[in-house]
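Hello,

Here is the structure I promised to pass on. Please open it first, then read my notes beside it.

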Amino acid sequence: MAKTAYITAVCRSAARGTVKHDIQSCLLIKNFGLDGDAHGGNWHRQVSLLSQDSIDVFNARGAEVKPGAFGENLAVRNLDLKTLPIGCRLRIGDEVLLEVTQIGKTCHNACEIAQRMGTCIMPEEGIFARVLQGGMVSVGDAVRVVWRAAVLTISDKGAAGLREDTSGPAVCRMAKEHGYHVTHTAILPDDFDLLVQQLTTLCDEDRVDLILTTGGTGFAPRDITPEATEAVITRKAPGIAEAMRAGSMAITPRAMLSRATAGIRAKALIVNLPGSPKGAVENLGFVIDTIGHGIALLKAAERECAR
């Protein structure tokens, strides 16, 4: 089970070129950074973060550095920060929201740590972010990744503008209510090749974490969403579709006619939902809490394999 990530140090320095010190708690200001920090401002590196786990490994080699020594504003335990992509969002506590803007930073002049130890972890493992929502941040505050989601409506009439898409917006609302950051929406016709291309792009290039499709899961000749999904995924997740069908069977026996599937490609989970707004929301409601845990396990497993 993935461990809860949390803040272990809140560090700031009043002047550039001076060492940051742990002050335990501070106000993060929207579009600036830590209140009173010399590196805050209207730019893309408002807050710097570093993994406490990486710091511990470095200290075990004899570095004996204190919080803030690497120039980090926030040290975070139980989260491999360097694996997060640009654009990823982090929620700290209930208020603060950060967006990752840079991974690592080139040191033009070797720092004191690098001179003493021969290397420094900040250039490769530190990340930088801008503050989207401010608030107090303190040692012990929980940190969680806000997973990125894409919602695709699969409908010939919807894509042609002959029918208003109400399912896609309903799924988007529910995803946002459960903490997802919806980065992409689209209405596509029931076209196998087009859907395969879109799913592949979202997984391999846009690197979203969750793709929710709505529509194209029935018995009609042009209902090809499950087939397109199975052509893209590399591992099946049959329990998700089974849970949705089981939940729906308590509402209507027609749920047995759903051919929806779910599976994994790269770092993304793809889940098919029915085409009606009511059915899409009901089915997503049966699984949305659990699939978030599944995504976390997927990311953790990939980090372990990378090591």
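**A buried threonine**

T229 sits in helix α7, which covers residues 225–232. Keep in mind that this is a predicted model. Is T229 buried or exposed? T229 counts as buried, because its relative accessibility is 0% and the cut-off for buried is under 20%. Leave aside residues up to four places away in sequence, and T229 touches L199, T261, I270 and N272.

**The nonpolar cores**

Next, the nonpolar cores. The largest one has 52 residues. Which residues have the most contacts inside it? They are L49, L90 and L98. Helix α9, residues 277–306, gives the largest share of this core, with eight residues.

Another core lies apart from the largest one. This other core has 17 residues, including L152, L195, C203 and I211.

**Salt bridges**

Now the charged side chains. Side chains of opposite charge can pair when their charged atoms come close. How many salt bridges are there? The count comes to eleven. Here are three of them to look up.

Start with D56 and R77. Their side chains meet in a salt bridge, at 2.9 Å from N to O. D56 belongs to helix α1 and R77 to strand β6, so the pair ties together parts that are 21 residues apart in sequence. D56 is partly exposed, because its relative accessible area is 31%. R77 is partly exposed as well, with a relative accessible area of 21%.

Go on to D209 and R148. Their side chains form a salt bridge, at 3.0 Å from N to O. D209 lies in the loop between α6 (192–204) and β14 (210–214), and R148 lies in strand β12 (residues 148–154), so the pair ties together parts that are 61 residues apart in sequence. Are D209 and R148 buried or exposed? Both D209 and R148 are buried.

Then find D204 and R265. The closest N and O atoms of this salt bridge are 2.7 Å apart. D204 lies in helix α6 and R265 in strand β16 (residues 262–265), so this pair ties together parts that are 61 residues apart in sequence. D204 is partly exposed, with a relative accessible area of 38%. R265 has a relative accessible area of 19%, so R265 is buried.

**A phenylalanine in a loop**

Where is F70? F70 is in the loop between α1 (52–60) and β6 (74–77). F70 has a relative accessibility of 9%, so F70 counts as buried. Now find I121. F70 and I121 are 51 residues apart along the chain, and their C-alpha atoms are separated by 7.9 Å.

**Two positive phi angles**

Check the backbone too. Most residues other than glycine have a negative phi. Q24 is not a glycine, yet Q24 has a positive phi of about 75°. Q24 is found in the loop between β2 (21–22) and β3 (25–29). With 42% relative accessibility, Q24 counts as partly exposed.

R207 is another case. R207 has a positive phi, near 55°, and is a residue other than glycine. Where does R207 lie? R207 lies in the loop between α6 and β14. R207 counts as partly exposed, because its relative accessibility is 42%.

**A three-stranded sheet**

Last, a sheet. Strands of a sheet pair through backbone hydrogen bonds, either parallel or antiparallel. In what order do the strands of the open sheet of three strands run? The order is β4-β3-β10, and the pairing is antiparallel. Which are the edge strands? The edge strands are β4 (33–34) and β10 (135–138), and each pairs on one side only. β3 and β10 pair in the antiparallel sense over four bridges. To see this pairing, find L28, which stands opposite G135 in β10.

Best wishes

Note on methods:
Residues numbered from 1 in each chain as written. Predicted model: local features only at pLDDT ≥ 70, side-chain atom pairs only at ≥ 80, totals over all residues. Heavy atoms only, no water. Buried < 20%, exposed > 50% of the residue type's maximum accessible area, 1.4 Å probe, protein only. Salt bridge = Lys/Arg side-chain N within 4 Å of Asp/Glu carboxyl O. Core = buried A, V, L, I, M, F, W, Y, C linked by side-chain atoms within 4.5 Å. Contact = heavy atoms within 4.5 Å. Pairing = 2+ DSSP bridges.
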